[in-house]
Amino acid sequence: MNTNAIAVGLPSANAEIDLVAPRRPFLVSLRTWVRNQPLGAISLFVVVMTIFIAVFAPQISPYDPVEAHYDTMMQAPSATYWLGTDQYGRDVLSRIIWGARTALYVGFTSAILGATVGLILGVGSAYFGGWVDLVFQRIMDVFLAFPLLILALAAVAVFGTGPDKVILAITFPFVPRCARVVRSGALAIREMPYVDAARALGYGHWRIILRHMVPNCMATYLIMLTTFLGQAILIEASLSYLGLGVQEPIPAWGLMLQGGAEEYAESAIWIAIFPGLAITLAVFAFNLFGDALRDTLDPKLRAR
Amino acid sequence: MQSNRMKAVCAVVAGVALGLGAGSATGAETPKRGGVLNYVVPAEPPGFDGHRESTFAMVHPIRPYYSVLIRVNPDNPSSTTDFVCDVCVGKVPEPTDDGKTYTFKIRGDVKFHSGETMTAHDVVASYHKIIWPPEGVRSHRKAMFGMIESVTAPDDYTVVFKLKFASNAFVPVLAMPFNWIYQKAVLDKDIHWYEKNISGSGPFIFKERQAGGFMRGDRNPNYYHKGQPYLDGIKAIIANKQSLRVQAIRGDRAAIEFRGFPPASRDDLVKALGKEITVQESVWNCGISYVPNHKRKPFDDVRVRRALSLAVDRWGGSNYLSKISIVKTVGGITYPHSPLAPSKEQLQQLAGWWPDLKKSRAEARRLLKESGADLSKSYYFLVRGVDQPYKIVGTWLVDQWKSVGLKFEQHTHPTGPFYAIQRGTKEFDVSIDANCNSVVNPLVDTAKYLSADRASNNYGQYIDRDADAIYDKMLRATDVNEQRKLMFEYNKITLDTHANQSFVLWWHRIIPHRSYVKGWKIGPSHYVNQVLDNVWLDK
Amino acid sequence: MLVIPTLFGAAALVFIMLRLIPGDVCEIRMAGDGGYFDQSAITACQEELGTNRPLLTQFVEFVWGLMRFDFGTSMWTGQPVIEEVALRFELSLQVAIMATIVGVIIAIPLGTISAVRQNTWIDYVVRGISIAGIATPAFWLGIMIILGLLMFTQHFLGAPWMPPITYRPIWEDPVYNLSMLIWPTVATGYRYSAVVTRMTRSALLEVLREDYVRTARAKGLWDKVIIRRHALKNALLPVVTIVGMEFAFLMGGLVVTEQVFNLNGVGKLFVDSVLNNDYTMTQSLVMLVVMIFVMVNFFVDICYAWLDPRIRYS
């Protein structure tokens, strides 16, 4: 039975089943969801806040995050500078606000790219099967065997530093991971009788893939997407810590930790603490949200 | 006269550097024997042959196992003229034969760690490997010995250096901390042996290496400087992250680090440990600079290059950059405490060193307008991806140039790709640069600013025969006063009139170490004074 | 075996990637800090290391060497790769094992409780702690640990203490060894246990909804018996997979943690050799890590067969 399709409210192959589970008004669903998933609701709120901050950074940020002011170096948090200033005299709060922009830009782009490419490759491989699947699996294995950071490191070394290159570098390790997970789900769907029926009816490959297989992998795709978001932010922070990520003077949380964190950890601890907190909070929220999403989308995990 | 004032300044600075030392400047303490000195090193040595390698990461762990002919006086390393004998007898000899022949007498009591006694033939064989290496053998500083015609041993304990022409660059070159004396017998059997093995005649005997971890050695009981070394042993621990090296000293896992820490780390250590930390500071024989690419418009125009220099506030920058970075002293291309360095008044005549910043920047804007440079474009500023001091000074420079309307975009690359661009593809408009050398030897150190076909470390891609001519005259001059005059001319043409390259600030060496480490005095170079035979632990 | 194409693919991939990275090991070695250097020395170095030979020759030599288990010499230190790696491997292995033990001991009970008491406050607390473990940047945690140790010991014991920064094998000096490695184990184990907890929880939840569990419940069997006998064993399948994957990751992926604690391990060697453009070392390390990954996968497959008779195949 196409129970997954019903759960996510997507059109199913069997129209009769739609009558059994009518769709409720959106606000009512939302309220129920908030009641059932309090953690998910909180994390959704944080996620939305982060996106809001990132989008409206130029309007909200109190100071310019890039301009150096050598007369206000390393000031403690005060009324003028809420989170203090760093070693170049730049306002930490402004840099964190603008850093959200970098984090989400890098995070979203690499997560979406990686998950989407992985989705296509995974579904395609599962669908076509045979030696295509075998060869593809070997290739993905090769990429999977490389530790995530090493792959990103090598990609950065090859393509250079800078936000766009970093996105490419982070996308690299995501593709095989998503492909592998999607493929195992898609394999199950491929065995469904209606896929054979569709082929017998003469539907083309692409129609079957796009209309039947991909929608059923949506849940997995979305979960991987939110996982990748959190991981992308962490990888970018690690790469910046090693000096290989985004470069000065672009505000980025990982970069803020690299430059100031350890050297000024005692004399100006605000330089080290706040970016670390920002990273932790953002990744925390994205992961929690992803969890809640998984719980919602996968009926088997819902509490009875 | 300028030179007297300069000498007075140098003496004061040297005194201050000594005075900040561990109290042994007052001389009264007797060294105690015993203890193992743990020190941290930023990187793994790539090879063990001092003739071949150039990185301080090799000098710090391995130098103590070898001897040299002459060296900078370990009790007075901040002097640029005080050289003493290591394996030779007496004082550094005065040249004879119109300054072209130096005769050294070798001590009879120098024993290699393998047991044999050192003779003049070992010295000659080592120098032959350094100056005229056979096919397939690399000698990194070969060209610096270009003034030497021959090295011979007329008897078992005499070495004679014959020069092609008299040069007061010779003695500092001889004193370089890389000119280790190897055994002739070993070199004859396998000239590559010392690349992977360590066995010399120095104050310590190499005992163990843990790949990527540490290198340690024990006291050499047959060391020819009687009474030394005071230490039972040494252990060089490899720690890549700077913050970890600072923490290691704080947690007493290591007692000292010989490169230098940034000011913030020094402050942290002093705040945390108070009297248990001693801080020694000195000007460093390293300078940070930037080099414009003469093959790129508009930097082929001397007016634009001068404008670049005029925009930079060196006097003010020294003030605040020295709080967050390892740079401080304002100077020209000559080491500030060398007898050849220009005075402050002379410096202030050069464009970019004017005392009036407003006037400088106004002039810069005027020059930019006159040359018609495109100010709407954002230019490529290549920066090396190392925090101290490259990235910090790089960020500051972009800010400085912005103040006269020149926009630059910083492109930071890790070391490997940085060199690939700076030396290989040369796809940059302006690049950050540095000039780090070992023994202070201004005549050799400033060869960097010669035309590109003469200086392999000139990345500006320019030919300036006028500058070359001044340099050559200076090299051949025999009178120090004459040389100083020519050195200022050379400064002027490089930095001001032709603005071929530029210079920003001299680095500042800050060594906070545990107070129980005595005997080690700071000098201007992190390559020099690393023998550790006069170091002792007051525990 | 299907392992051969994976290994060959990895070898080709790393070879190509490294050659694409700009930078030259000889230049990095000789260049120093902008001071004087000798161009002919650099050329001679390149001759010696063979970096200016045609790429195909280098690749063939690399693969041929791999097949004979001859990993060559490091381009940076000139010492044989095997010697350089042996010590690092030992250290990384110890940290990986310790972190796995810590992670698994914490994770499986926590994950089980969280699944059984789904949506209660226990579940929320456990999930909160787990996600915090995944969200906190490992290097930030490490920095805080070392700083905390220094400040704490200075405040309460008078003299600041930090973990040792050189390695001694555990059979030589167990106290010293453990006092050094316990901290990175904690920093890594926290994240490790978080990942495994989440997987245990979700795997167990899935299994608990399965038909056969509902049947057993309907029949009246106690919850505890059901969980222990049926549910846990099947839930362990994906958990074992993730434990395996994380272990393989620890062997060489701990790049940043090793930097923070100055561990002389495989991850640190990786970064150093990539940044130094030391081709032979990086290639050998990558092949080593790929081999470990393949072996761990193989081991996981065996565990699969043991845990679930339905999956047993020849």
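Modeller: Helices (H or I, at least four residues) and strands (E, at least two) are DSSP runs, numbered from the N terminus. This is a predicted model: local features need pLDDT of at least 70, side-chain atom pairs count only at pLDDT 80 or more, and totals for chains, interfaces and linings use all residues. Residues are numbered from 1 along each chain as its sequence is written, with chains lettered from A and ligands numbered from 1 in the order in which they are written.

Colleague: Which peptide bond involving Pro229(B) is cis, and where is Pro229(B)?

Modeller: Most peptide bonds are trans. Gln228(B) and Pro229(B) are joined by a cis bond, with omega about -5 degrees. Pro229(B) sits in the loop between β8 (214–219) and β9 (233–238) of chain B.

Colleague: What about phi of Ala499(B)?

Modeller: Most residues other than glycine have a negative phi. Ala499(B) is not a glycine, yet its phi is positive, about 45 degrees. Its loop runs between α17 (480–497) and β15 (505–514) of chain B.

Colleague: Is Ala499(B) buried or exposed?

Modeller: A residue is buried if 20 or more other C-beta atoms lie within 10 Å of its own, exposed if 12 or fewer, and partly exposed in between; C-beta atoms are placed from the backbone. Ala499(B) has 24 within 10 Å, so it is buried.

Colleague: How many residues of chain B are in contact with chain C?

Modeller: Contact means C-beta atoms, placed from the backbone, within 7 Å. On that basis, 45 residues of chain B are in contact with 43 residues of chain C. On the chain B side, α14(B) gives the most, with six residues.

Terms used. Two residues are in contact if their C-beta atoms, placed from the backbone, lie within 7 Å.
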